[in-house]
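Dear colleague,

I am handing over the structure we spoke about, and below it you will find what turned up when I went through it. Please read the notes with the model open beside you.

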Amino acid sequence: MKSGRLIPIIILLNSVVFFLWSYGGTENQEFMESNFAVSWEVLREGHWWVLLTAVFSHNLFFHLFINMFVLNSFGNAVEPVLGSKYFLIFYLIAGIFSSFTHALVSAFLLGQPDLPAVGASGAIAGVVLLFALFFPREKLLFFGILPLPAIWGALIFVGLDVWGLISQAEGGGLPIGHGAHLGGAFCGIVAYLYWRKRLRV
């Protein structure tokens, strides 16, 4: 199976935006927060482009590294199946939708409309779900240790995100964008239902 041609470009774009976060002082931080971090408040101010720009935005190296590692691992398997054009369309739709679900969940479930989020995690969750549905029997190392069929690994991750979101709604949980992850995963399921007959997978 050929590797995806778009994955290195997506990784490069994410890396460029990461360095933009590190450039300059307070003014730059304010600019980046207004234009590269998604929240319900920012959307209410009319900055709708953050639904897209936040998907390519990381301000912590570890976050960037983990997301790009996972994207490279799964995206290189999914892109050849869809073709580069349709993979890009899927990736952008999953990313935009996951940004919106984060903003929606933060405002109306968590009561924090100003809670910002950055990162490709939602779009990548869509890619992982699509991989698991296309190749359900492929073995994954869950948390890098436990070998599981891809479909079971994906379902466990979705379950953890549901549990994490419930915990956040109750005032606990970790500072993770579970709403974005679930939005991206939903896009992965919808894309699979659309493509499975056309690709006969």
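N28 lies in helix α2, which spans residues 26–35; helices here are DSSP runs of H or I with at least four residues, strands being runs of E with at least two, and both are numbered from the N terminus. At 14% relative accessibility, N28 counts as buried, where buried means under 20% relative accessible area, exposed means over 50%, and partly exposed is in between, with a 1.4 Å probe and protein chains only. Leaving aside residues up to four places away in sequence, N28 touches L20, W21 and Y23, a contact being heavy atoms within 4.5 Å.

Please bear in mind that this is a predicted model, in which local features need pLDDT of at least 70 and side-chain atom pairs count only at pLDDT 80 or more, while totals for chains, interfaces and linings use all residues. Residues are numbered from 1 along each chain as its sequence is written, and side-chain values use heavy atoms, with hydrogens and water left out.

Turning to helix packing, the axes of helix α5 (residues 61–82) and helix α6 (residues 84–108) come within 7 Å and cross at roughly 125°; the axes are lines fitted to C-alpha atoms, for helices over the stretch in contact, and the angles run from 0 to 180 degrees between N-to-C directions. That angle makes α5 oblique to α6, since angles under 35 degrees count as roughly parallel, over 145 as roughly antiparallel, 65 to 115 as roughly perpendicular, and the rest as oblique. In this pair, L71, G75, V78, E79 and L82 of α5 meet S84, Y86, F87, F90 and Y91 of α6. By class, the contact of α5 with α6 has seven nonpolar, two polar and one charged residues, with Ala, Val, Leu, Ile, Met, Phe, Trp, Tyr, Cys and Pro taken as nonpolar, Asp, Glu, Lys and Arg as charged, and the others, Gly among them, as polar.

Helix α1 (residues 6–21) also meets α6, their axes coming within 11 Å and crossing at roughly 35°. Here L6, I7 and I10 of α1 make the contact with S84, F87, L88 and Y91 of α6, and these residues divide into six nonpolar, one polar and no charged.

Finally, a search of the whole structure finds one salt bridge, defined as a side-chain nitrogen of Lys or Arg within 4 Å of a carboxyl oxygen of Asp or Glu. The side chains of E41 and R44 form this bridge, at 3.5 Å from N to O, and both residues lie in helix α3 (residues 40–44), three residues apart, about one turn of the helix. E41 is partly exposed, with a relative accessible area of 26%, whereas R44 is exposed, at 61%.
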